[in-house]
Amino acid sequence: MHTKPRPSYLLSVRLQPIKREQESLFKSLMAKYHYLGASPKISETLWYVATYSDQWVALLTFSAAALKCAARDRWIGWEYRHRFDRLKLLANNTRFLILPGWNLPNLGSRILSLCAKRISFDWQQHFGHPLLLLETFVDPRRYTGTVYRASNWTELGLTKGFKRVGQGYSAKPSSPKLIFVLPLQANARKLLSCAILNAAYQKGEPKMTMNAKQMESLPDYFKTVTDPRRTHGRRHRISTVLSIAAAATLCGMKGYKAIYGWANKLGQKARQRFRCRKENGKYVIPSQFVIRDVLVRADPVELDLAMQRFNEDQGLEDTCLAFDGKTMKNAIDENARQTHIASVVGHESKTTHTQKK
């Protein structure tokens, strides 16, 4: 910076998403000056640059919110089903770097204010849905979060200190972080925790998520299904194969490849809950071929009865149900009438409790 700006310079600070031709410079500056280095662009991520008189003064990155954060989830007031279904409405400020020579009073809070005003619109333009809440995690060994407090972010306390490693979380806590959140509109908490998500914030088809208790119980519902395979050469119980396929389908997977891909990402704890076979000290999942073979050959009536029993038990968690019907194109019965399918879906569990023709 060649000349010291006047106090009114904050009004001239501008914020805009990084252009493709600017990404290389952005990453090099972040890698050089931020103590965590540059962060990769994974999934839904936006990079911003703040400028003053065409000079870069600060860099920010926003990406997907933390999968789990007990203090944040309690503050919002949602359950695990809400969290997985609505996590896309949150974004995490993963990096905030004020470049050397620009550590001036109120600059940080001014930049965060500009972010709050435009990020939901930018997210809508880039990813097809808006945002309701921002979050960030601050290492108290280095900073106290002053800039976030000055920008009206709410401190929620400390994380438990666990971090993601591989397909799970670290066994022991390391360094707890301060948690800050910023609602992007006054009713953000209400919208995020309500029983039925407002249509303006829905994206794609509703998906169910499986908790540990459901994973452990699901194989029991398929014990009575007849195994169509020969006894010789079986490596996986039919109850395990079918429970994994059912869980993947309930979580939104379609097709054998998608079901296998979902199963392949399961951690050891989840595989144990599905009662997977243990080999060389590790639980292994059925192959894509085995999943397809079992699903193609299993008795559909027995499968339907098993899932009905599961849905009846899980349906106790739903406080309200939705009735939906569709007319199947080119599906004509023996009386030359079109086929109609009616479904009853639980609002909380997102489970199809019954589907009749």
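Buried means under 20% relative accessible area, exposed means over 50%, and partly exposed lies in between, for a 1.4 Å probe and protein chains only. R235, at 42% relative accessibility, is therefore partly exposed.

This is a predicted model, in which local features need pLDDT of at least 70 and side-chain atom pairs count only at pLDDT 80 or more, while totals for chains, interfaces and linings use all residues. Residues are numbered from 1 along each chain as its sequence is written, and side-chain values use heavy atoms, with hydrogens and water left out.

Helices (H or I, at least four residues) and strands (E, at least two) are DSSP runs, numbered from the N terminus.

- Helix α1 spans residues 23-33, and its buried residues are E23, F26, L29 and M30.
- These residues sit on the same side of α1, because they cover an arc of only 130° around the axis. The arc is taken from the directions that run from the helix axis to the C-beta atoms.
- An α-helix has 3.6 residues a turn, so residues three or four places apart point the same way.
- S24 and K32 are exposed on the other side of α1.
- Contact here means heavy atoms within 4.5 Å.

**Salt bridges**

- The structure holds 14 salt bridges. Each is a side-chain nitrogen of Lys or Arg within 4 Å of a carboxyl oxygen of Asp or Glu.
- R235 and E279 meet through their side chains in one of them, at 2.2 Å from N to O. R235 lies in the loop between α7 (212-221) and α8 (238-250), and E279 in strand β10 (residues 277-279), so the pair ties together parts that are 44 residues apart in sequence. E279 is partly exposed, at 26% relative accessibility.
- A network of salt bridges with shared partners joins R72, D73, R83 and E135.
- R118 and D122 form a salt bridge at 2.7 Å, N to O. They are 4 residues apart in helix α4 (residues 107-127), which means about one helical turn separates them. R118 is partly exposed, with a relative accessible area of 28%, whereas D122 is buried at 4%.
- R229 and D227 form a salt bridge, with their closest N and O atoms 2.8 Å apart. R229 is buried, with a relative accessible area of 12%. D227 is buried too, at 18% relative accessibility.

**Two buried residues**

- S243 lies in helix α8. S243 is buried, with a relative accessible area of 0%.
- The side chain of S243 reaches the backbone oxygen of T240 at 3.0 Å. A polar contact is a pair of N or O atoms within 3.5 Å; within protein, one must be able to donate a hydrogen and the other to accept it, and residues adjacent in sequence count only if both atoms are side-chain atoms.
- Residues up to four places away in sequence aside, S243 touches L218, P219, F222 and F274.
- P130 is placed in the loop between α4 and β5 (133-138). P130 is buried, with a relative accessible area of 12%.
- P130 and Y201 are 71 residues apart in sequence, but 7.0 Å apart in space, C-alpha to C-alpha.
- Beyond its neighbours within four places in sequence, P130 contacts K88, L89, S120, Q124, A200 and Y201.

**A nonpolar patch on the surface**

- Y35, L36 and Y143 form a nonpolar patch on the surface, with about 310 Å² of accessible area together. Accessible areas come from the Shrake-Rupley method with a 1.4 Å probe; for residues, only the protein chains shown count as cover.
- Patches are made of residues with over 30% relative accessible area and no salt bridge; like charges are joined within 9 Å, and nonpolar side chains (Val, Leu, Ile, Met, Phe, Trp, Tyr) within 5 Å.
- Y143 is found in the loop between β5 and α5 (146-150). Y143 is partly exposed, with a relative accessible area of 46%.

**Positive phi angles**

- Most residues other than glycine have a negative phi.
- D54 is not a glycine, yet has a positive phi of about 70°. D54 lies in the loop between β2 and β3 and is exposed, with a relative accessible area of 78%.
- N152, also a residue other than glycine, has a positive phi near 70°. N152 sits in the loop between α5 and β6 (154-158) and is exposed, with a relative accessible area of 62%.
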